[in-house]
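Please work through each task before reading its solution.

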Amino acid sequence: MINYNKHINPLAYLFVLLIIAGCGGSDDGGDGGGNTTPKAAALLFPLENSECNEGTIVSDEMSTVPFEWEASENTDSYTLVIENLLDNTVKNVNTQSTTVQETILRGVPYAWLVVSKVNGSTQTAISPKWRFYNAGAPVENHAPFPAELVSPVMGGLAVTSPDLKWTGSDIDNDIESYDVYLDTANPPTTLLTNTSSSNASGTNLNPDTVYYWKVVTKDGHGNTSQSPVFEFRTQ
């Protein structure tokens, strides 16, 4: 660092600063310090909406599963995010590799994604989120994945007759119906409707009131799964 004092010519000091600034310029679209925005990683394995049978069985309850993705551009490191869809616990794994072995519960549905990061910058890129079942003891039929609530968004504002929307998936493709619960209590216990579609209408709700909702997915074999509880406030 240059220590400007009475022995340094101010014009000379300014000239040096201009040279430094000119050398630090960047044409790569980064932040001026050589950093660029990372790109989102393309996920490879475990496959989306599949049953994962690969890996090493550690015990009756646990197995070690390989997570793999393609290297993304402008990326120095990654965070692998693994979510248990039954209890919503999340594990974050920081790595510079594109393959990670993680020990997780058997017979449990999971979601996973990868966050791409670049050194010296807070900018990140997030991959799509994939869901899979980590194989357990052999079963003839699997429970559906918990429904993903779409609208109203968590903590959002809605009209007094909102259109509730969600997405459902099942590796056996045998979803039969959805029970939709809507209530001012948390968790909601009032059944709004049972439907085979992925949307339902709440009607004549009280204005300026917080409501909670969830979806229970049912398949043709009597298996069920429960979504997280979302809340919204009416206008």
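**Exercise 1: A network of charged side chains**

Lys129 is partly exposed, its relative accessible area being 39%. The model that contains this residue is predicted.

*Task.* Determine which residue forms a salt bridge with Lys129, with the closest N and O atoms 3.5 Å apart.

*Solution.* 
1. The partner of Lys129 in this salt bridge is Glu148.
2. Lys129 lies in the loop between β9 (124-126) and β10 (130-134), whereas Glu148 belongs to strand β11 (residues 148-151), so the pair ties together parts that are 19 residues apart in sequence.
3. Glu148 has a relative accessible area of 29% and is therefore partly exposed, since this class lies between the limits of 20% and 50%.
4. Salt bridges that share partners join Lys129, Arg131 and Glu148 into one network.

**Exercise 2: A pair between a loop and a strand**

*Task.* Describe where Asp208 and Arg233 lie in the chain, and classify the accessibility of Asp208.

*Solution.* 
1. Asp208 and Arg233 form a salt bridge in which the closest N and O atoms are 3.2 Å apart.
2. Asp208 lies in the loop between β16 (199-201) and β17 (210-219), and Arg233 in strand β19 (residues 230-234); the pair links distant parts of the chain, 25 residues apart.
3. The relative accessible area of Asp208 is 53%. An exposed residue has over 50%, so Asp208 is exposed.
4. Arg233, with a relative accessible area of 37%, is partly exposed.

**Exercise 3: The whole structure**

*Task.* State how many salt bridges a search of the whole structure finds, and where the pLDDT is below 50.

*Solution.* 
1. The search finds 6 salt bridges.
2. The chain has a mean pLDDT of 88, and 85% of its residues reach 70 or more.
3. The pLDDT is below 50 over residues 1-33, a stretch with 15 contacts in the model beyond near neighbours in sequence.
4. Where pLDDT is low, predicted coordinates should not be read in detail.

Conventions: Residues are numbered from 1 along each chain as its sequence is written. This is a predicted model: local features need pLDDT of at least 70, side-chain atom pairs count only at pLDDT 80 or more; totals for chains, interfaces and linings use all residues. Side-chain values use heavy atoms; hydrogens and water are left out. A salt bridge is a side-chain nitrogen of Lys or Arg within 4 Å of a carboxyl oxygen of Asp or Glu. Helices (H or I, at least four residues) and strands (E, at least two) are DSSP runs, numbered from the N terminus. Buried means under 20% relative accessible area, exposed over 50%, partly exposed in between (1.4 Å probe, protein chains only). pLDDT is the predictor's confidence in each residue, from 0 to 100. Contact means heavy atoms within 4.5 Å.
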